[in-house]
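Subject: Structure for your review

Dear colleague,

Please find below the structure that I am handing over to you.

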Amino acid sequence: MKIMVAIKRVVDYAVKIRVKSDKTGVETNNVKMSMNPFCEIALEEALKIKESGFASEVVSVSMGPTQCVDTLRTSLAMGADRAIHVDTKEMLYPLSVAKLLKALVDVEKPGLLILGKQAIDDDCNQTGQMVAGLLNWPQGTFASKVVLDKEKHVATVDREVDGGIETVSIDLPAVLTTDLRLNQPRYATLPNIMKAKSKVIKKFTPQDLNVEIRSDLEVVEVTEPPKRKAGVLVSSVDELIDKLKNEARVI
Amino acid sequence: MDKWRAAGFIYRRLLKHSSILNHPRSPNFNRSSTSGFAYNYCTELENLAGYCKQQIGYRNYATSAERNPKFSSVNSEDISHFKSILGEKYVIEDEDKLDDANTDWMRKYKGSSKLMLQPRTTEEVSQILKYCNSRHIAVVPQGGNTGLVGGSIPIFDEVIINTSLMHKIVSFDKVSGVLVCEAGCVLENLISFLDNEGFIMPLDLGAKGSCQIGGNVSTNAGGLRLVRYGSLHGNVLGLEAVLADGTVLDMLGTLRKDNTGYDLKHLFIGSEGSLGLITKISILTPPKLSSVNLAFLACSDYSSCQKLLLEAKRKLGEILSAYEFLDVQSLDLVLKHLEGARNPLPPPMHNFYILIETTGSDESSDKEKLEAFLLRSLESGLISDGVLAQDIQQASSFWHIREGVPEALMKAGGVYKYDLSLPVEKMYDLVEEMRTRLGSAANVVGYGHLGDGNLHLNISIPQYDNTILAQIEPFVYEWTSKHHGSISAEHGLGHMKADKIHYSKSPETVQLMASIKKLMDPHGILNPYKVLPPSLTS
């Protein structure tokens with residue numbers, strides 16, 4: 001079986017985000033970009049499944065401008081066998097990404113498509129569900145544990161839902177989206193970085209895949225969250241009670 | 001770089017608390033909540049100190065020191081005078097607050113001061129010192145109290161002059177990168193202030209969340225960036241200090257070049273508050289570069305670590321920003337005692353681990369250069385294995401291992417710490433000799449700033465034990481002296497090594513130091529029982 005993993009290049013999780021002065025989006029010039037943390041988890045899960053002998057190949061896929069190749073290189077250094085880059089400068093929203101992924105699934109025919117549950121830049125949490133719908137595949141979202149049954153071609157997935165864990169059993173091929181506690185991604189070791197140098201990154205354009213990129217969304221404005229007001233130090237319990245009663249009106 | 005590591009703390013807290021704080025379906029990588037986590041980290045460190053206090057108890061090294069009878073004790077008249085200078089609120093007699101200020105971070109030393117003063121201006125410091133000098137009241141300047149050699153706490157009943165309330169940033173020049181600020185600014189606050197301006201502090205160290213720039217300068221703190229930016233003797237452009245008699249010395253220049261007479265500011269850098277109290281600092285800050293890469297590497301023997309350093313200097317010269325090492329015993333301690341720490345490398349364990357950091361201006365070319373260097377070193381066998389951080393979280397988790405060694409040591413029990421400068425090729429011999437010497441009685445670990453020839457030799461024991469100490473000292477000092485090293489590379493002498501200075505300095509040099517001390521502080525009220533042997537100063 002082949003596993004396809006979707007990888008997104010985002011502003012590094014640890015970078016402090018700055019909104020562009022014209023409020024059209026977030027500043028990405030001269031900002032450290034890295035692999036979306038949930039995508040790292042998705043890739044780690046695919047590599048683990050391959051190591052357990054259930055899959056024969058892991059293919060990582062990324063979409064967007066040329067620099068996505070750097071992120072794909074990281075995925076290869078972590079252990080993916082080969083990579084696909086869909087090269088486009090267009091703004092990609094979840095539905096377009098889902099359509100492109102579907103087209104690639106038609107080409108590659110994987111038995112499992114794994115995605116992060118969401119990207120930390122737009123926090124959409126839509127692509128996995130949309131692509132499952134387009135493919136008409138079953139989906140196991142917010143996975144915190146995945147067990148595959150080789151004989152029956154079934155995946156048992158623990159899902160993190162309100163108030164606890166829901167366990168679902170789905171037939172393969174299927175779509176999985178990964179939650180934070182599924183696994184701990186591995187590091188890129190030097191021997192693997194060396195091996196990754198000779199791995200192939202294949203390039204497609206949306207035209208090659210017969211997908212028209214258009215959006216039903218328009219971003220009106222991006223703004224920073226309101227600044228938190230500074231706290232005040234009160235000098236006595238009486239003053240505190242007075243403030244709670246008369247200013248905050250909570251008691 | 002600071003950001004990389006700050007993020008590490010946040011990330012660990014995040015993982016630990018995500019199940020409680022975050023709704024299971026909400027984005028767990030939530031940027032907006034980071035400051036809260038950082039705060040938690042600080043309290044954890046304090047808790048840790050509290051924990052060690054209970055576990056180990058005080059081990060006061062001041063066994064041989066005796067209170068100098070020349071010094072007056074503080075009386076009620078003195079206290080009302082201080083109140084008239086500072087106001088009621090800033091004259092602290094509260095026992096809990098004094099207990100913290102009397103005790104060092106390592107919980108090794110404990111003074112018995114009954115009074116802490118919190119001046120807010122240079123003028124107030126001047127008035128305090130003038131009065132103390134006239135009354136022969138001994139004082140100890142105190143910043144973040146994160147020192148490791150008992151330099152920042154009173155030994156007996158010295159009045160504590162705490163600089164925490166002098167925390168204003170006076171000015172910042174974006175063109176020259178010169179920052180002028182008060183002595184009580186916490187290093188981390190300066191780092192985040194500069195980050196917004198696109199600059200960094202030329203020094204960075206593990207204690208940055210508590211330590212103050214005044215303390216950093218007066219102890220000439222080293223840290224992780226020294227290999228790139230040099231010591232504070234080079235980066236501090238000027239300072240303002242108050243002498244023992246209250247005279248305010250304004251040397252707060254912002255010039256890079258100024259050859260007019262004796263450059264007296266250097267007397268205050270590294271003299272640990274024994275010649276004057278630093279109140280303001282002007283410091284040169286380098287611009288923040290966008291491309292930072294970090295590799296965590298394994299070497300099979302110490303000679304490979306050295307050869308790799310030489311190669312790194314040659315091949316990565318202009319972008320090399322840190323070259324740190326730890327031995328397998330240090331890594332073991334971290335993995336055992338530090339929450340959230342994980343070995344970045346797959347098994348087996350290797351004898352030595354190296355962190356190489358590069359900082360430059362071009363992401364893709366820097367990374368390519370580092371990768372090529374690492375792969376060549378792997379092929380030639382200098383490196384046995386290694387990982388390259390792919391994002392900031394990974395980098396901060398690597399740094400967490402190196403920076404977490406002191407914390408892990410504290411959690412493991414008692415620890416005798418030695419901070420030595422040695423010729424790089426001899427450095428690790430001392431660790432091995434010490435290991436043979438102590439046998440199974442202690443866990444001897446070595447780590448530090450290999451790029452600067454600075455070894456942190458740490459001897460971890462279940463509890464403090466004088467028979468073990470007698471095997472370590474004076475052997476460690478004699479060994480260092482024999483190999484022309486320094487018995488204090490970056491921690492200072494403090495109280496711990498005040499009578500050990502002769503291991504690294506000639507009698508003539510020490511005598512001149514004593515004369516300078518006598519000249520600048522005739523009554524010896526400034527930070528007594530520290531830096532110089534008591535026999536020379538009392």
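Helices, in what follows, are DSSP runs of H or I with at least four residues, numbered from the N terminus. Please note that the model is predicted.

A search of the whole structure returned 7 cavities with a volume of 30 Å³ or more. The volume of the largest cavity is about 50 Å³. Its lining is made up of Ala514(B), Lys517(B), Lys518(B), Asp521(B), Pro522(B), Gly524(B), Leu536(B) and Thr537(B).

Which helices of chain B each supply at least two residues of that lining? They are helix 19, which spans 507–520, and helix 20, which spans 534–537. Helix 19 of chain B provides the largest share, with 3 residues. By residue class, the lining of the largest cavity comprises 3 nonpolar, 2 polar and 3 charged residues.

I turn now to chain B as a whole. Chain B contains 20 helices and 16 strands. Of its 538 residues, 57% count as buried. Among the contacts in chain B with a separation of 6 or more, 75% are accounted for by residues 24 or more positions apart. The accessible surface of chain B amounts to about 21000 Å², and carbon and sulfur atoms hold 52% of that surface.

With kind regards

Key: Residues are numbered from 1 along each chain as its sequence is written. Chains are lettered from A and ligands numbered from 1 in the order in which they are written. This is a predicted model: local features need pLDDT of at least 70, side-chain atom pairs count only at pLDDT 80 or more; totals for chains, interfaces and linings use all residues. Side-chain values use heavy atoms; hydrogens and water are left out. On a 1 Å grid over the protein atoms alone, a cavity is a set of points where a 1.4 Å probe fits but cannot get out, and a pocket is an open set with protein on both sides within 12 Å along at least five of seven lines; lining residues have an atom within 4 Å of a point. Grid points are joined across faces, edges and corners, and a volume is the space filled by probe spheres set on the points. Ala, Val, Leu, Ile, Met, Phe, Trp, Tyr, Cys and Pro count as nonpolar, Asp, Glu, Lys and Arg as charged, and the others, Gly among them, as polar. Buried means under 20% relative accessible area, exposed over 50%, partly exposed in between (1.4 Å probe, protein chains only). Contact means heavy atoms within 4.5 Å. Accessible areas come from the Shrake-Rupley method with a 1.4 Å probe; for residues, only the protein chains shown count as cover.
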